[in-house]
Amino acid sequence: VFDPGANGPQNSIPRDGAPLPVVPFASSPELERLITQTTVEAAALIPGDNDTARQLYLRKHVQLRLLHLMSGQMDRALQPVPGIDPADQEFWQQMFWGMANYFDTQGMPDSSERATQTIAQLKSAAARLQEKAKLELHNVAFCYKISGFGNYQRFKRDEFTPGQPVLLYAEVGNFKSELVADGQYRTLLKSTLEIVEGGPTGRVVEILPLAPSEDRCRNQRRDYYHSYEFAIPQGCNPGPHTLRLRVEDQLGKK
């Protein structure tokens, strides 16, 4: 649940937790009529049971909240959209809060403070949307040394002999982290390595299943990587081979 008192800029929120009015982007009878019309149209819609209906429903409610933002009615702009996924709900609330922060020259005269608060809200919005995005792997590479995120030493050539120990580096994106009872964020990923002779459809030389890897951190991780240490299988014949890395986000089911 979105909590303006916890996530919003502290110098623009009164003690009761309600957001202060902001300077309207526009104010006119035409805008008021458009808000009234859009309110009626949004009330007539239901989330629906298919993507088209859900998108139409969400689009109309987002349009309504943009109009409230334009008219300076932050309390209405930040109202949660009922009946949608909690991640989508908080994504839009954080987005509107970030846009309001960017232009809140009354509550935050200092432009650097407005930028700081806007970045915080947009990061929170992106983090919620990442839960629904596809799991991604970046910069997968054979290495002989890994010091940390983005800090690794690659082999000059990916040429190895059977039995040779190697490291594999992979950055993971769009994974899900859950807040647990001790206040830390928990991530749970399970990986499998496959060595295939030739191209992707070649003979499988070896499958290396790995135990699930649990990570706990007091903050939600953004720079997250995995490292794998293994030896080139003895069953590899001379010639090209392919390494296939599979990663499963066991919390996000992807």
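Reader: Which residues of H3 meet which residues of H5?
Author: In this predicted model, Leu-58, Val-62, Arg-65, Leu-66 and Leu-69 are the residues that H3 contributes, and they meet Trp-92, Phe-96, Met-99 and Ala-100 in H5. By class, this contact of H3 with H5 has 8 nonpolar residues, no polar ones and 1 charged.

Reader: And at what angle do H3 and H5 pack?
Author: Helix H3, which covers residues 51–70, packs with H5 at an angle of about 25 degrees, and the axes of the two helices are 11 Å apart. Angles under 35 degrees count as roughly parallel, so H3 is roughly parallel to H5. Their crossing is right-handed.

Reader: OK, now H5 and H6: how far apart are their axes?
Author: The axes of helix H5 (residues 86–103) and helix H6 (residues 111–130) are 8 Å apart, and the two helices pack at an angle of about 165 degrees. H5 and H6 are therefore roughly antiparallel to each other, as angles over 145 degrees are counted that way. H5 passes H6 in a left-handed crossing.

Reader: Which residues make that contact between H5 and H6?
Author: On the H5 side they include Pro-86, Phe-91, Met-95, Trp-97, Tyr-102 and Phe-103, while on the H6 side Arg-114, Gln-117, Leu-122, Ala-125, Arg-128 and Leu-129 are among them. Divided by class, the residues of the contact of H5 with H6 come to 10 nonpolar, 7 polar and 4 charged.

Reader: Switching to the strands, where does Thr-192 lie?
Author: Thr-192 lies in strand E5, which covers residues 185–197.

Reader: Is Thr-192 buried or exposed there?
Author: Thr-192 is buried, because its relative accessible area is 17% and buried means under 20%.

Reader: What does Thr-192 touch, then?
Author: Leaving aside residues up to four places away in sequence, Thr-192 touches Ile-207, Leu-208 and Pro-209, and also Arg-244, Leu-245 and Arg-246.

Reader: Stepping back to the whole chain, how many helices and strands are there?
Author: The protein chain has 6 helices and 9 strands. Of its 254 residues, 37% are buried.

Reader: And what share of the contacts joins residues at least 24 apart?
Author: Taking the contacts in the protein chain between residues at least 6 apart in sequence, 66% join residues that are at least 24 apart.

Reader: One last thing, what does the accessible surface come to?
Author: For the protein chain the accessible surface comes to about 14,900 Å², and carbon and sulfur atoms account for 52% of that area.

Note on methods
Residues numbered from 1 in each chain as written. Predicted model: local features only at pLDDT ≥ 70, side-chain atom pairs only at ≥ 80, totals over all residues. Heavy atoms only, no water. Helix = DSSP H or I, 4+ residues; strand = E, 2+ residues; numbered from the N terminus. Buried < 20%, exposed > 50% of the residue type's maximum accessible area, 1.4 Å probe, protein only. Contact = heavy atoms within 4.5 Å. Areas by Shrake-Rupley, 256 points an atom, 1.4 Å probe, with all protein chains shown as cover. Axes fitted to C-alpha atoms, helices over the stretch in contact; angles between N-to-C directions. Parallel < 35°, antiparallel > 145°, perpendicular 65-115°, else oblique. Left-handed = near helix turned anticlockwise from the far one by under 90°. Nonpolar A, V, L, I, M, F, W, Y, C, P; charged D, E, K, R; others polar.
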